[in-house]
Amino acid sequence: MDRIDVYPTHQYKGFKVRAGKPFPFGVTLVASGVNFSIFSRYATSCTLVLFNKGELEPLVEIPFPEEFRIGNVFCMMVFGLEVE
């Protein structure tokens, strides 16, 4: 049986994403992409800002969809990122 959590469910400006895993907090490399998990007791929204190494301007700013929020944790998996 194929795992459904390794496939994107959304796309934003050419980046394929899906709801991520809430734990562990921070950035975690996973087999199909990168999981981002941010805790904030007071935030009402959150945006992931990605940069190419050495660049001053962001590559993309991806707002976390509300359905990617679990309580006080914003979590999103981004597929196809090249990580060094």
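Predicted model: local features only at pLDDT ≥ 70, side-chain atom pairs only at ≥ 80, totals over all residues.

Modeller: Residues are numbered from 1 along each chain as its sequence is written, and side-chain values use heavy atoms, with hydrogens and water left out.

Colleague: How many disulfides does the structure hold?

Modeller: A disulfide is counted when two cysteine sulfur atoms lie within 2.5 Å. For C46, the nearest cysteine sulfur belongs to C75 and is 10 Å away. The number of disulfides is therefore, by that cut-off, as computed for this structure, 0.

Colleague: Is C75 buried or exposed?

Modeller: Buried means under 20% relative accessible area, exposed means over 50%, and partly exposed lies in between, using a 1.4 Å probe and protein chains only. The relative accessibility of C75 is 1%, so this cysteine counts as buried.

Colleague: Which residue is the bridge partner of C75?

Modeller: Strands are DSSP runs of E with at least two residues, numbered from the N terminus, and two of them pair if DSSP finds at least two bridges between them. Strand β4, residues 33-39, pairs with β8 in the antiparallel sense over 7 bridges. Across from C75 in β8, the bridge partner is S37.

Colleague: How many residues of strand β8 are buried?

Modeller: V73, C75, M77 and F79 point one way from β8, whereas F74, M76 and V78 point the other way, and all are buried. For β8, residues 73-79, the count of buried residues is 7 of 7.

Notes: Helix = DSSP H or I, 4+ residues; strand = E, 2+ residues; numbered from the N terminus.
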